[in-house]
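Please keep the sequence and the coordinates at hand.

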Amino acid sequence: MKKEGSAISSTQPQQAPGAVIAVLGGGYAGLFAAHRAARAVIKARRAGVAVVLVDSGDTWQERTRWHQIAAGETVRSRSRAHIFRGTRVETVTGTVTGIDLDGRALTFGDREPLAFDLLVYAAGSRSNAAVIPGAPAHAHTLDTEQTSKRIAVAIEGHPDGRVLIAGGGLTGIQTAAQIARRHPGVHVMLVSSGAIGHELPGPAQERAARALTGLGIEIVEKCRVEAVEPGCVRWAHGKIDADLMVWTAGFIPSPLAAEAGLAVTGDGQVIVDTALRSVSHPFVFAAGDGAAVPRAGSAYGAYAATATGATAGMNAGRDLAARPVKPLSMGYSFLATSLGPGNAVVQLLHPDGTPRRQALTGKPANALKEAVEHYVAFSVTAERTVPGVYRWAPAPKP
């Protein structure tokens with residue numbers, strides 16, 4: 001085995017000699033899960049326990065900034081192996097093809113399986129473009145850093161073109177605004193099957209829509225895209241022409257949980273109890289977009305991923321140490337969306353996720369949103385030296 005904090009070879013995953021907590025997925029949920037699992041094991045003074053983080057790549061970026069990459073901006077990357085250097089967490093770089101629940105192992109396409117005692121499932125989500133005819137072939141997504149970069153390259157090839165963004169949720173809003181601000185010669189269209197910014201309360205929706213219109217973005221509501229073809233999208237009343245199509249109209253969890261036989265919802269999220277333990281397989285905890293946890297606003301998002309990831313990881317460590325697990329306590333403070341560089345709308349929330357009367361816009365809103373995102377990114381690394389530094393809003397008291 002490698003020394004603590006080193007990355008296991010990307011070509012030869014290894015087995016730990018003692019107990020193993022495997023964390024599947026290296027996004028927000030997986031990173032905080034690995035940190036907190038290691039912390040729980042250390043607090044319990046359990047020697048010989050390895051926490052192994054598995055992801056298809058070593059590089060981590062803030063997913064909340066992929067719309068900036070799509071607009072042509074540069075976003076800082078971090079090495080997962082570097083994030084966990086000097087800790088009990090080891091990293092495996094490889095693509096997991098399946099979860100063997102009977103054998104308690106993660107399987108890979110071209111290497112030996114990785115055995116585990118407990119699993120934190122944090123495999124995340126991806127665009128649902130595959131369900132729309134023609135979308136996988138003719139529309140871009142923000143699923144990864146690489147797919148987001150392809151959007152930027154495509155826009156450079158059409159500096160005066162028409163960019164159609166399908167999906168009026170927060171991801172679509174942020175992408176449309178960022179592209180419009182960075183590329184004023186591009187005509188941006190934001191197409192939605194319902195109202196723009198449907199996750200936001202009414203007043204915040206209106207403020208977002210006004211800001212988008214002020215950027216010259218053409219808003220098309222109540223337009224459900226039924227197919228994507230070269231140079232256009234089709235809907236019930238005809239077609240809309242565009243040089244470039246970007247799909248942000250929905251996300252789906254990784255299929256690995258359902259394929260493995262875990263109990264999942266109709267959407268494919270793992271059904272968990274209050275401690276984020278799988279109801280069908282008690283040695284599995286789930287977090288992030290892959291866990292069926294009630295959320296305010298969108299069913300997917302970075303904030304819930306951090307809180308559920310930290311809780312699931314902590315509970316996996318506590319469970320392995322034969323200590324009682326703790327229920328998830330997650331409240332809310334605000335819901336935000338970027339409206340281009342220097343601008344945002346922030347809807348303040350009660351701890352239970354219901355909207356307060358106050359909302360922020362403009363530079364103050366952007367400053368708050370940026371401060372929180374910097375705090376989360378800072379905590380990803382700072383948890384290594386200051387365990388527990390990341391905090392989130394607790395659930396409201398009954």
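Why does Trp60 count as buried? Its relative accessibility is 2%, so Trp60 falls in that class; buried means under 20% relative accessible area, exposed over 50% and partly exposed in between, with a 1.4 Å probe and protein chains only.

## Basis of the values

The model is predicted: local features need pLDDT of at least 70, side-chain atom pairs count only at pLDDT 80 or more, and totals for chains, interfaces and linings use all residues. Residues are numbered from 1 along each chain as its sequence is written, and side-chain values use heavy atoms, with hydrogens and water left out.

## Aromatic pairs

Rings of Phe, Tyr and Trp (its six-membered ring) pair if their centres lie within 6.5 Å; planes under 30 degrees apart count as stacked, over 60 as edge-to-face and the rest as tilted. By this rule there are 6 aromatic pairs. In one of them, Tyr28 and Trp60 have ring centres 5.6 Å apart and planes at 90°, so the pair is edge-to-face. Because Tyr28 belongs to helix α1 (residues 28-43) and Trp60 to strand β4 (residues 59-60), the pair ties together parts that are 32 residues apart in sequence. Helices (H or I, at least four residues) and strands (E, at least two) are DSSP runs, numbered from the N terminus. Tyr28 is also buried, at 9% relative accessibility.

One aromatic cluster is formed by Phe32, Tyr375, Tyr390 and Trp392. Arg104 lies over the face of Phe283, 3.9 Å from the ring centre; the criterion is NZ of Lys or CZ of Arg within 6 Å of the ring centre and within 35 degrees of the ring normal.

## Strand β12 and its partners

In strand β12 (residues 162-166), 4 of the 5 residues are buried. Strands pair if DSSP finds at least two bridges between them. β12 pairs in the parallel sense with strand β13 (residues 187-191) over 5 bridges, with Ala166 bridged to Val191. Its parallel pairing with strand β18 (residues 244-247) has 4 bridges, and there Val163 stands opposite Leu244.

β12, helix α6 (residues 170-182) and β13 form a right-handed β-α-β unit: with the strands pointing away from the viewer, the path from the first strand over the helix to the second runs clockwise.

## Gln174 in helix α6

Gln174 is located in helix α6 and is buried, at 10% relative accessibility. A polar atom of its side chain lies 2.9 Å from the backbone nitrogen of Ser338. Leaving aside residues up to four places away in sequence, Gln174 touches Thr64, His67, Thr337, Ser338 and Lys369, where contact means heavy atoms within 4.5 Å.

Technical notes. Polar contact = N/O pair within 3.5 Å; in protein donor to acceptor, adjacent residues only side chain to side chain.
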